[in-house]
Amino acid sequence: MNATLPSDDAPLLVAEGLGKNYGTRIGCRDVSLEVFPGEVLAVVGESGSGKSTLLGLLSTELAASAGRVSYRMRDGALRDLAGLGPAERRLLMRTDWGFVRQNPADGLRMAVSAGGNVGERLMAVGWRHYGNIREEATDWLGRVEIAADRIDDDPRAFSGGMRQRLQIARNLVTKPRLVFMDEPTGGLDVSVQARLLDLIRSLVSEMGLAVVIVTHDLAVARLLSHRMVVMRHGRVIETGLTDQVLDDPREPYTQLLVSSVLAA
Amino acid sequence: MSGMPEISYNFAYLDEQTKRMIRRAILKAIAIPGYQVPFAAREMPMPYGWGTGGVQVTAAVLGPDDVLKVIDQGADDTTNAVAIRGFFEKTAGVATTTATTQASIIQTRHRIPETALAENQILVYQVPIPEPLRFLEPRETETRQLHALAEYGLMHVKLYEDIARHGHIATTYAYPVEVAGRYVMDPSPIPKFDNPKMDDCPALQLFGAGREKRIYAIPPYTTVRSLDFEDHPFKVQRFAKPCALCAATGVYLDEVILDDKGGRMFVCSDTDHCNTRQAQGHRGEMAAPAGEAA
């Protein structure tokens, strides 16, 4: 999959020595990583290994106890995210970034129609023409395989897989460059999961998205990601190309993780 | 105060320190048009939802020479209007009126008078829910942040939902407005018919929410724009018939059911406006003939 990587070799997101303490307990510590444009990075590890904490730190939803996260803005300058004002950070989050959550109810407005959910980001960046918003929303529902006649239904009437696809459309409508995904396929049955992964994979390559995906499912990591980092006890214990880590794990813990999967 | 036969109140019920506190909030609200200023609302001798916010604002701006008018849904003779008018007659001894043109302070619930307001007048609104984003975003911390950063995309999501569900913007009251190009504000539950009257109004407009403890304001001659979409512009309600009593057109009408056989009439919701017109000899189709009017 390396052939799909863009030639631009400046990293999009850089984390240096990231750490987070919850009181005396450690969420994660001393994590350094880089995410390049168009690259899918999987963060794997068992429950409690600090995956979600790391995602929270990278997306600035959590304040880091140590270290820093920098992001390459559209003008090419690498900026420390902690130094952004709240207005700039929020603008970044609703235009250049996306966040797909495990539970769609956390990422969607459940009382607002599918079209309104997709259109929200457009309205937030100043779209004020109903017809255009609706057209764009219809187009995006089509791209995530939701029938156009469901545009006025609210997500409560959708199945789990549809909700997750709607959440993806809602995040991608402003054509972000970086998307965070927290277990996007968790809680879905296997066939729905497969279709969703297929959809994510084609959207990612089509749009040249950079993705940081947190998952405990090594099959998901293998299907989607170019590189992966393995976490344990809040630390990154192994990083590398996905095939390399999964087929030839170096660390004993990674070997255990890989061997405990039924047919990864 | 001993020896007095009746309970006596400080002028306009509230003590002077409280009035000062409210006036400070009002001054801040005027300085930042459309911004909701928190204030330490007091318990008033009436239930929440009956205008405790408006009453406190009125009490703070009322002087002995003021002439007070109180309207409820446009009418001077409904319960809430009669009660609040009586309250200030008793506690402040100020003159009251039902004529819009003679009032210096008008406390209102759900309407703006049809008669254009003047520079020497203050319009005080009773506000149940001051936060326009409340039903979209339940967290107060988040709505404050949205106001601070002027992130009002969410307000358009509400209007989008209206059009998606009803084919047009179906919000007919408490229609969100943008004040002085900055803050989005809930104009209290006035019909959207009244929204254009807030724009560039010569009178000072004050909004008081007692339960929610917020005061906000529109200074005189401030731009007030109702939110809309480019292809679904803001429109006010239109009525097919004129007022059945005074034949007025271009005013807000109330529907009155007359019997159980579908009989109904549409009359001015602004009773003062209707009475004035009838006194001038205007007669609607259901009005008593001239000379017989009570």
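## Helix 7 of chain B

In this predicted model, the buried residues of helix 7 of chain B are B:T271, B:D272, B:H273, B:C274, B:T276, B:R277 and B:Q278. The helix, which spans residues 271-279, is thus described as mostly covered, with seven of its nine residues buried. Burial here is a count of neighbours, a residue being called buried when 20 or more other C-beta atoms lie within 10 Å of its own.

The partner against which these buried residues of helix 7 of chain B pack is strand 12 of chain B, residues 264-268. After the helix comes B:G281, a residue with a positive phi, near 100°.

## Domains of chain B

The domain assignment divides chain B into domain 1, covering 16-226, and domain 2, covering 238-294. Between the C-alpha centres of domain 1 and domain 2 of chain B the distance is 27 Å.

Where these two parts of chain B meet, 14 residues of domain 1 are in contact with seven residues of domain 2. On the side of domain 1 of chain B that touches domain 2 of chain B, the residues comprise five nonpolar, five polar and four charged.

## Domains of chain A

For chain A, the domain assignment gives a domain 1 written as two segments, 10-96 and 178-264, together with a domain 2 that runs over 112-175. The C-alpha centres of domain 1 and domain 2 of chain A are 25 Å apart, and the contact between them joins twelve residues of domain 1 to 14 residues of domain 2.

Two elements of chain A, helix 2 (86-95) and helix 7 (190-207), each give two or more residues to the side of domain 1 of chain A that touches domain 2 of chain A. Of these, helix 7 of chain A supplies the largest share of that side, six residues. Sorted by class, the side of domain 1 of chain A that touches domain 2 of chain A holds nine nonpolar, two polar and one charged residues.

Note on methods. Residues numbered from 1 in each chain as written. Chains lettered and ligands numbered in written order. Predicted model: local features only at pLDDT ≥ 70, side-chain atom pairs only at ≥ 80, totals over all residues. Domains from an automatic or database assignment. Helix = DSSP H or I, 4+ residues; strand = E, 2+ residues; numbered from the N terminus. Nonpolar A, V, L, I, M, F, W, Y, C, P; charged D, E, K, R; others polar. Buried ≥ 20, exposed ≤ 12 C-beta atoms within 10 Å, placed from the backbone.
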